[in-house]
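Trainee: Could you walk me through reading this model with me, feature by feature? I would like the general idea each time, and then the case at hand.

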Amino acid sequence: MQGATGEMPRKIPELVCPAGSLPALKAAVDHGADCVYLGFRDDTNARNFAGLNFDEAALKSGVRHAHAAGARVLVAINTYPQAGAGERWRRAVDHAAALGVDALIIADPGLMAYTCGAQPQLRLHLSVQGSATNYEAINFMHREFGIQRAVLPRVLSVAQVEEVIANTPVEIEVFGFGSLCVMVEGRCALSSYATGESPNNVGVCSPPKAVQWRDTPEGVESRLNGILIDRYAKGEKAAYPTLCKGRFEVEGEVHYAIEDPAALNALEILPELFRIGVAAIKIEGRQRSPAYVEQVTRIWRAAIDRCTVDGEAFAIAAAWNEELDKVAEGRTHTLGAYHRPWK
Amino acid sequence: MNASAEPSRFPPNRPRLSLGPLLYYWPREKVEDFYQRACGSEFDVVYLGEVVCSRRHELRLADWIAIGRMLREAGKEVVLSTQALLESESDLKTLRRIADNGEFAVEANDLGAVGLVAGKGPFVAGPHLNIYNRESLEWINGLGAMRWVMPVEISRDALAILQRGRPPGFETEVFACGRLPLAFSARCFTARHRNLPKDDCRFSCIDYPEGLELRTREAKSFLVLNGIQTQSAQVYNLVGALPEFASLGIDLVRISPHSETAFDIAGLFTRVLGGDLAPAEARRKMDAIMAGGSCDGYWHGRPGIESAGNVR
């Protein structure tokens with residue numbers, strides 16, 4: 001469809017922000033999020049950490065606050081129900097429906113089948129945990145379950161994302177900022193190999209209960225279930241031992257053999273994301289503080305608003321990346337797979 | 001070629017042996033020799049094709065099909081496996097050609113692959129699909145899956161629950177020996193180790209026929225890098241559990257090859273399944289021919305890296 005000037009009308013991507021708690025939800029909504037995503041206080045979602053997530057009262061309050069501001073609430077019920085345990089996930093679906101949320105973010109096909117049958121009025125988003133990296137997968141899930149949006153794993157270059165969008169009627173949501181998974185989301189068992197718990201089976205990665213810190217003459221060691229993930233010399237800043245972000249030895253070289261700790265930051269390709277028709281930009285960080293959520297939401301709101309007006313002439317305000325780096329993992333950022341040579 | 005029937009001293013529901021797809025990048029001749037040997041092996045089912053990386057080109061689809069025909073002549077059931085991580089249009093084109101091959105059943109390892117084979121005849125739901133519960137099993141069976149390769153994370157107890165609700169005629173295959181496939185990435189770790197981008201990887205993984213070992217900073221073997229795939233360094237080994245497989249209703253036992261030891265292991269597994277060899281003795285023989293350690297944590301509902309230790 002072309003406008004009078006012959007230009008394609010641009011879709012403005014929604015800003016989808018993480019809410020690990022009611023204060024974080026309010027911070028996101030109050031600073032310009034179009035949508036917030038959150039989970040229940042159990043293993044039905046992939047950020048199943050102690051002290052995080054919403055109980056009934058917080059969710060009711062959150063939905064009220066968001067809707068009053070014209071923002072939408074998306075509930076992640078995106079882990080894989082394990083054998084015999086499906087009832088809890090189905091109850092979570094029914095519960096979310098009763099609370100009047102705007103969409104569910106789901107990964108498990110069995111649970112999607114249930115939701116289509118029991119709550120057909122509920123909008124379905126395919127979680128990044130569903131691990132759909134191509135339009136054949138997305139279109140298939142659309143035919144099967146009527147998904148209206150798919151969150152893309154962070155494995156595609158911008159050109160590949162463009163290809164997906166061009167070949168599907170399903171809205172595409174991509175990550176714009178936050179901690180990066182180097183493995184394709186939804187099919188990584190590294191954490192359960194080391195600790196018994198993974199995003200798929202329990203909704204966690206490199207869980208706190210498996211973490212050990214030890215002071216040794218060689219430096220501070222971080223371990224997961226006894227496995228040495230990294231060792232820090234004096235003056236080196238120790239990082240949380242996410243399994244894939246340790247330093248390991250390969251053929252005699254010790255380095256970040258799998259991934260460097262760095263946050264994804266797609267600000268510099270925002271005009272590209274607009275151009276290719278991304279429907280929504282997702283900020284990662286449900287386990288981060290309300291202050292983080294406020295900071296990141298504010299900057300991305302400003303950036304999206306600026307890009308809406310300036311288009312290709314969009315320029316990043318210097319302060320934005322500085323502020324984002326302060327809250328970024330590793331205090332640095334990367335374009336990740338969006339930039340092909342990273343792969 | 002062995003045309004004689006096996007002696008029928010095995011119980012009727014004795015699990016069959018399957019040879020999982022070759023996950024490493026080998027030169028063409030080595031691959032062809034390997035599958036020649038598979039013709040005369042104890043494997044009942046052989047999975048062929050490239051699951052890991054589309055840049056690997058020693059064998060093209062036509063070559064895999066030719067190998068498939070040779071194996072079929074030798075009495076093997078052949079399945080074409082598909083790539084687990086599909087990113088590009090070119091990946092999808094290859095997938096479509098495999099889905100339409102018309103000769104061999106397909107193992108789908110991605111939802112897009114499922115979409116292409118659904119409703120068009122029997123297919124295998126591969127281990128890289130996230131099928132963890134009865135509802136998902138029913139769903140995939142309803143689409144035409146005749147067989148399900150259980151995700152490696154699933155424990156024996158969880159499997160027992162799932163087997164109770166199993167649709168009739170639907171087979172269960174268990175990954176029972178081999179380095180565990182743990183993750184896939186857009187990034188190629190083998191190329192990265194050589195400071196090369198994936199697009200100019202110079203096919204580095206061909207230099208590591210059993211993958212590239214990754215150790216912790218205290219020199220403990222931990223993972224193996226195989227191009228874009230990360231595997232366990234420890235070999236998953238369920239030989240101790242084999243005597244229970246028939247009663248659990250397991251139809252196929254998968255051995256994932258990293259060398260020709262796969263054939264020796266097939267021989268040992270056959271004897272254990274037939275009741276001719278004690279699992280503990282088989283385990284000792286396996287330890288002698290396999291480098292590195294083994295693990296079986298997932299089967300016991302533990303971290304995958306753990307080993308339950310003694311085998312009865």
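Mentor: Gladly. Two strands pair if DSSP finds at least two bridges between them. Keep in mind as we go that this is a predicted model.

Trainee: Then how many bridges join β1(B) to strand β2 (residues 45-48) of chain B?

Mentor: There are 2 bridges between β1(B) and β2(B), and the two strands run parallel. Within that pairing, L19(B) stands opposite V46(B) of β2(B). To get from β1(B) to β2(B), the chain passes through helix α1 (residues 28-39) of chain B, in a β-α-β crossover that is right-handed.

Trainee: Which strand pairs with β1(B) over 4 bridges?

Mentor: That is strand β11 (residues 252-255) of chain B, which pairs in the parallel sense with β1 (residues 16-19) of chain B.

Trainee: Let me try chain A. How should I read the two faces of a strand?

Mentor: In a regular strand the side chains alternate between the two faces of the sheet. For strand β2 (residues 35-38) of chain A, sort the residues by side: C35(A) and Y37(A) lie on one, V36(A) and L38(A) on the other.

Trainee: Are those four residues of β2(A) buried or exposed?

Mentor: All of them are buried, and both faces of β2(A) are covered.

Trainee: What does β2(A) pair with on the β1(A) side, and how does the chain get there?

Mentor: Strand β1 (residues 14-18) of chain A runs parallel to β2(A), and 3 bridges join them. In this pairing V16(A) has C35(A) as its bridge partner. Helix α1 (residues 22-30) of chain A carries the chain from β1(A) to β2(A), and the β-α-β crossover is right-handed.

Trainee: And which residue of β3(A) is the bridge partner of L38(A)?

Mentor: V75(A) is the bridge partner of L38(A). The pairing of β2(A) with strand β3 (residues 72-77) of chain A is parallel and has 4 bridges.

Trainee: Let us step back to domains. How is chain A divided?

Mentor: The domain assignment gives domain 1 (14-180 + 262-342) and domain 2 (190-255). Their C-alpha centres lie 27 Å apart. For the contact between them, count residues on each side: 10 from domain 1 of chain A and 6 from domain 2 of chain A. The domain 1 side has 3 nonpolar, 5 polar and 2 charged residues.

Trainee: How would I judge the overall form of chain B?

Mentor: Compare its radius of gyration with the value for a compact globule. With 312 residues, such a globule would have a radius near 20 Å, and chain B has 19 Å, which agrees. The C-alpha trace of chain B spans about 50 × 50 × 40 Å along its principal axes. Chain B has 10 helices and 12 strands, and 52% of its residues count as buried. Of the contacts in chain B between residues at least 6 apart in sequence, 67% join residues at least 24 apart.

Definitions and conventions
Residues are numbered from 1 along each chain as its sequence is written. Chains are lettered from A and ligands numbered from 1 in the order in which they are written. This is a predicted model: local features need pLDDT of at least 70, side-chain atom pairs count only at pLDDT 80 or more; totals for chains, interfaces and linings use all residues. A residue is buried if 20 or more other C-beta atoms lie within 10 Å of its own, exposed if 12 or fewer, and partly exposed in between; C-beta atoms are placed from the backbone. A crossover is right-handed if, with the strands pointing away from the viewer, the path from the first strand over the helix to the second runs clockwise. The radius of gyration is taken over C-alpha atoms; the globule rule is 2.2 Å times the number of residues to the power 0.38. Two residues are in contact if their C-beta atoms, placed from the backbone, lie within 7 Å. Domain bounds come from an automatic or database domain assignment. Ala, Val, Leu, Ile, Met, Phe, Trp, Tyr, Cys and Pro count as nonpolar, Asp, Glu, Lys and Arg as charged, and the others, Gly among them, as polar.
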